[in-house]
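Thanks, everyone. Let me put the model on the screen, and then I'll walk through a few local features.

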Amino acid sequence: MKSGVETRASHSVWGSRLLDRVEYRLVETAEEKDRISSLRYRAYLNGGLIPPSESERVHDPYDDAPNARTFGIYIDGELCSSVRLHVLTSEWRMSHTTDLFGDVLHPRLDKGEVFVDPSRLAADPEKAGRFPELPYLTVRLGYMACAYFNADTGLALVRAEHQAFYRRVFLQEAIAEPRPIPIISHKVALMACDFGTVRDKVLARFPIMRSTSAERRMLFERDGERHSSPHGVVTSFERPSIVLTS
């Protein structure tokens, strides 16, 4: 039953034009980084994942890795959630996930595989109540990154209670047993899917994951190559016939 509910929720986001109100902003300035660190703290504290701290911030060295991009997800101009993406290749391996599950990932990186590694997902507790679609809008960035970077595999560090969601939406499976993770007081399993194999299946069941090649370029091309507005990237869709292209 829950799977059907989630599928209908995704279709309802697609049909309600909520995506037209969504803006994905690449986090670049010190002010933006601080706002995201504060959002993470409030989200993790509300979820019982961390104890209170004087700084009321959550950040780590992986935020500044050269292969990392952190995004804020805004609805109607309000910051609602965030996710950090690492693109892992044989040359660029720095991420929390490779440090935690290096025995699993480094041999595959040695063979030339490309991974997209989303982490530090966080949603504003109040906004999450207002927008039940927020999880889809947030994880959508990882899916688009897999397409843009031609990834072999999409990864996820997932607590036990969230694994069913990743199985349903991205058809991911656990490829390593849960391990303790610094800062957060829960173990996480490493989940993964072969992007080329699941891509069309995911799009058929969850149209919200569709995007245009132009949107992906605006989101993921580096400075000097991106052609986004100063305020971020506003999603735009050519309804009803959207096709995910390489």
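A polar contact here is a pair of N or O atoms within 3.5 Å; within protein, one must be able to donate a hydrogen and the other to accept it, and residues adjacent in sequence count only if both atoms are side-chain atoms. By that rule, the side chains of S81 and T138 make a polar contact of 2.7 Å.

Now the ground rules. This is a predicted model, where local features need pLDDT of at least 70, side-chain atom pairs count only at pLDDT 80 or more, and totals for chains, interfaces and linings use all residues. Residues are numbered from 1 along each chain as its sequence is written, and side-chain values use heavy atoms, with hydrogens and water left out.

Back to S81. Its place is in strand β3, residues 78–88. Helices (H or I, at least four residues) and strands (E, at least two) are DSSP runs, numbered from the N terminus. S81 counts as buried because its relative accessibility is 1%. Buried means under 20% relative accessible area, exposed over 50%, partly exposed in between, with a 1.4 Å probe and protein chains only.

Next, the strand pairing. Two strands pair if DSSP finds at least two bridges between them. β3 and β4 run antiparallel, joined by seven bridges. L85 has P118 in β4 as its bridge partner. Strand β4 spans residues 115–123, and seven of its nine residues are buried. β4 also pairs with β5, residues 153–158, in the parallel sense over two bridges. There, V116 has G154 as its bridge partner.

Last, helix α7, residues 163–170. Six of its eight residues are buried, including F165, Y166 and F170. Just after α7, L171 takes a positive phi of about 55 degrees.
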